[in-house]
Every structure is written in C-alpha cells, then in structure tokens.
Amino acid sequence: MAQAILQFGTSRFLQAHVDLFVHEALAGAAGAGEALGGITVVQTTDSADGAARIAALASGGGYPVRIRGLAGGESVDRTVICTAVREAWQAGAQWPELRAAVAGEVQVIVSNTADKGYLLDERDGPAALLAASAAPHSFPAKLLVLLHGRWQALAQAPLTLLPCELIERNGEVLRDVVAGLAREWQMPQEFTAWLAQHCVWANSLVDRIVSEAIAPVGAVAEPYAVWVVERQPRLVMPCSHPAIVLTDDLDFYERLKLFLLNAGHTWLAERWLSQGLPAGLTVGAAMADAELRAGLEDLWAHEILPVFDTLGPAAREQAQAYLVDVRERFSNPFLDHRIADIAQNHAQKKQRRLGPIVALAAERAPQLAQPGLKAALASSY
C-alpha cells in the first residue's frame with residue numbers, strides 16, 4: 001500500500017533531510033509535530049547505486065543517519081535510525097503500482113532528481129499515457145503521466161508538489177516544464193489548466209551538508225538543517241518540524257545562503273587559487289588559519305553584512321544569527337570539505353555567488369566599497 005508521501009529520488013541528502021524530518025515527526029521527537037504518514041521512495045533511474053538503496057530500503061529495517069558537527073558551541077555525534085520510508089520502488093519495475101498510488105492515496109510529492117532531473121528525453125511521447133506497464137524515461141514525463149492519472153481519478157483531491165532540487169523558484173520551474181510537455185503532447189486544455197491551478201507547486205530552499213553515504217543506505221550529515229518553503233494557499237507539508245520554515249519571503253532566505261555561506265566558500269576558493277595554498281586544504285583548516293579566518297571575517301563584516309543593513313534591522317539580525325551557524329558549519333571537525341572541490345567551475349560560481357551581492361549593494365548602498373568581492377570578480381581565476 002502506498003503512503004501519503006511519495007518521494008522521487010533515493011539520494012543521501014533526502015535520507016538525512018526530508019525523510020529524517022518525517023521520521024522525527026512520526027516518532028514524536030521533541031519539537032517535531034505531526035506527519036501525514038510514511039514515505040514511498042521511488043528510484044527514477046536504472047543506476048546500480050540507486051537499486052542497492054531501494055533494495056535496502058525495501059527490507060523495512062530503517063537506516064542510520066549519523067549527525068556530526070557543532071551546534072551551539074557543543075560537539076554533536078549521534079546516530080538516528082530513520083524508519084519513515086515504508087515502501088521502496090523502482091519506477092520501471094513497478095510502474096503500474098506507482099500509477100495507482102498517485103491516482104489514490106498520495107497527498108504530497110517530494111523530489112530531488114539532481115542537476116539533470118528536469119531535462120526531457122526525446123524518446124518520450126504521448127504514447128506513454130497509454131502504456132500501462134512501461135514508464136517514460138525522463139522525470140518530467142513520468143510526473144506528467146502520473147498527474148494525468150490523478151486528474152482522471154481524483155481531480156479535486158488536494159495535491160502538493162515539493163521539489164528540493166537546487167534550482168531557483170524550483171516549484172515554478174518544474175510546473176512550467178511539466179505543463180509545457182503537456183501542451184507539446186496536445187493534452188486536453190482542462191488538464192493543463194488543472195496542472196497550473198489545482199496542483200500546488202511549492203518553491204523551496206534546502207540547506208544541509210550531507211557529507212557521506214553509508215552503504216547500502218544511510219548518511220552522515222551536519223547538525224544544521226533547514227527547509228524553507230514559500231507559503232501559498234492550499235499548501236500541504238509532509239510534516240511539521242523545527243527545521244521547516246514557511247515564509248512569504250523566500251528570496252530573503254536564498255540571499256542568506258548565497259551571500260554568507262556560498263560566498264564564503266567561494267572567497268576561500270579564490271584565496272586557495274590565487275595564493276597557491278596546499279592542495280588538500282579544507283574549509284575547517286582554513287577557519288583555523290588566522291590569516292584566512294581574519295580575511296573571511298572582514299569580508300562578512302564589511303562587505304556583506306552592510307548589504308543586509310539596507311534591507312532593515314530584522315534582516316541584519318537574521319543575517320547575524322545565520323552567520324553564527326555558518327561559522328560552526330565551516331569549523332565542523334568531522335567534515336573534510338576540500339576547497340579544491342569548491343573551486344570547481346570557479347569562474348561561473350563567482351559570477352553566480354558574488355555578483356548578486358555587488359549588484360544589490362550598487363542599487364541600495366552605492367557608497368559600499370566591497371574591494372574583496374570586486375577584486376575576486378575581476379580576477380582571472
């Protein structure tokens with residue numbers, strides 16, 4: 001029997017984020033609220049790693065999530081056995097069951113399908129609507145066929161889609177991809193209207209470092225976790241939890257992460273490249289280096305936090321509180337986060353992570369010099 005929550009993706013991130021939140025809600029953990037029920041996890045690809053995770057999840061014994069890092073100045077190292085996943089399916093092998101589940105019990109659909117998850121596949125076409133036992137190839141096509149079955153069976157039943165991919169306005173992007181495919185397949189206008197107007201496509205931001213997988217299933221994660229979801233009418237969440245934030249200003253939370261955490265990482269990568277620092281340097285080691293730490297703190301204090309000042313006292317206060325968490329996360333003694341990994345695609349990351357800070361300052365605080373950010377943007381590294 002399918003569960004109320006359907007999850008596309010078997011990643012270690014979801015295991016230690018959404019799935020763990022639902023587990024804690026179901027278990028009555030301190031601070032967690034109620035959950036809709038258990039989770040059905042679906043492997044959307046044919047990867048061997050995913051198949052191994054599905055097999056382990058299907059055994060029903062739960063899996064370990066090891067939480068390691070700093071929280072409130074204290075060292076944390078504990079393990080939780082997560083039992084929220086009650087069913088584990090492979091889309092290609094269990095497509096009929098999946099179609100029946102979405103047409104019936106499912107109230108919330110969660111996804112994390114990696115960078116290429118929203119790409120279409122030219123092999124998919126309208127014939128997929130009639131293929132009872134053969135799943136389409138791409139995730140958007142799978143979702144379109146499943147939602148069409150839902151529309152035919154339970155058109156008025158509430159349904160919320162909560163994508164967790166790291167894509168700006170991810171709910172709207174996924175909605176537009178699926179609706180565009182529906183038009184391409186010349187599906188009924190009533191159905192495409194239902195997709196846009198009845199289904200709730202939630203924009204969200206996820207933030208947790210899940211550093212390692214535990215074979216065959218399980219994960220190692222930092223203590224910090226947040227799932228920020230943009231509030232809208234008829235939104236249904238899989239559970240209530242202290243790490244879930246409903247907001248009317250998702251853009252602000254995206255700026256917090258981009259301007260303080262992501263920009264901090266990219267500034268360290270710029271120093272690593274420009275100064276020829278050791279190949280194996282980690283973020284934690286950089287935080288323990290007096291010169292690097294002082295430079296990063298100066299960047300935060302004099303080039304980034306003043307931008308939050310322009311957004312009002314509450315914004316500055318939230319930014320300072322978030323920065324306390326960022327410092328602990330960067331100093332995590334259990335995490336070997338190599339700056340060489342952060343420095344991949346550095347030129348593009350600089351424009352995406354540092355450029356918006358300088359642009360907002362130019363608009364709202366033109367007197368702010370920002371020499372460090374501007375030098376990094378102008379460099380050839």
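A crossing of two helices is called left-handed if the near helix is turned anticlockwise from the far one by less than a right angle, and right-handed if clockwise. In this predicted model, local features need pLDDT of at least 70 and side-chain atom pairs count only at pLDDT 80 or more, while totals for chains, interfaces and linings use all residues. Residues are numbered from 1 along each chain as its sequence is written, and side-chain values use heavy atoms, with hydrogens and water left out.

Gly-355, Ile-357 and Val-358 of H14 meet Leu-373, Lys-374 and Leu-377 of H15, where contact means heavy atoms within 4.5 Å. By class, this contact of H14 with H15 has 4 nonpolar, 1 polar and 1 charged residues; Ala, Val, Leu, Ile, Met, Phe, Trp, Tyr, Cys and Pro count as nonpolar, Asp, Glu, Lys and Arg as charged, and the others, Gly among them, as polar.

With H11 (313–330), the axes come within 10 Å and cross at roughly 40 degrees. That makes H8 oblique to H11, and their crossing is right-handed. Residues of H8 in this contact include Phe-252, Tyr-253, Leu-256 and Lys-257, and those of H11 include Ala-315, Gln-318, Tyr-322 and Phe-330. The contact of H8 with H11 has 12 nonpolar, 3 polar and 2 charged residues.

H8 also packs against H13, at an angle of about 145 degrees and with the axes 10 Å apart. The crossing of H8 and H13 is left-handed. Among the residues making this contact are Asn-262, His-265 and Glu-270 of H8, together with His-346, Lys-349 and Arg-353 of H13. These contact residues divide into 4 nonpolar, 4 polar and 5 charged.

Attention now turns to open space. On a 1 Å grid over the protein atoms alone, a pocket is an open set of points where a 1.4 Å probe fits, with protein on both sides within 12 Å along at least five of seven lines, and lining residues have an atom within 4 Å of a point. The largest pocket holds about 1900 Å³ of space, a volume being the space filled by probe spheres set on grid points joined across faces, edges and corners. Of its 47 lining residues, Asp-115, Leu-166, Lys-257, Asn-262 and Arg-353 are the closest to the centre. The lining of the largest pocket comprises 19 nonpolar, 12 polar and 16 charged residues.

The second largest pocket contains about 640 Å³. Among its 36 lining residues, the closest to the centre are Pro-223, Tyr-224, Ala-225, Val-226 and Ala-243. H11 provides the largest share of that lining, 6 residues, and H8 is one of the elements supplying at least two. The lining of the second largest pocket has 22 nonpolar, 5 polar and 9 charged residues.

The peptide bond from Ala-215 to Pro-216 is cis, with omega near -5 degrees, and Pro-216 lies in the loop between E10 and strand E11 (219–221). Arg-169, a residue other than glycine, has a positive phi near 55 degrees and lies in the loop between strand E7 (160–163) and helix H6 (170–184).

Terms used. Helix = DSSP H or I, 4+ residues; strand = E, 2+ residues; numbered from the N terminus. Axes fitted to C-alpha atoms, helices over the stretch in contact; angles between N-to-C directions. Parallel < 35°, antiparallel > 145°, perpendicular 65-115°, else oblique.
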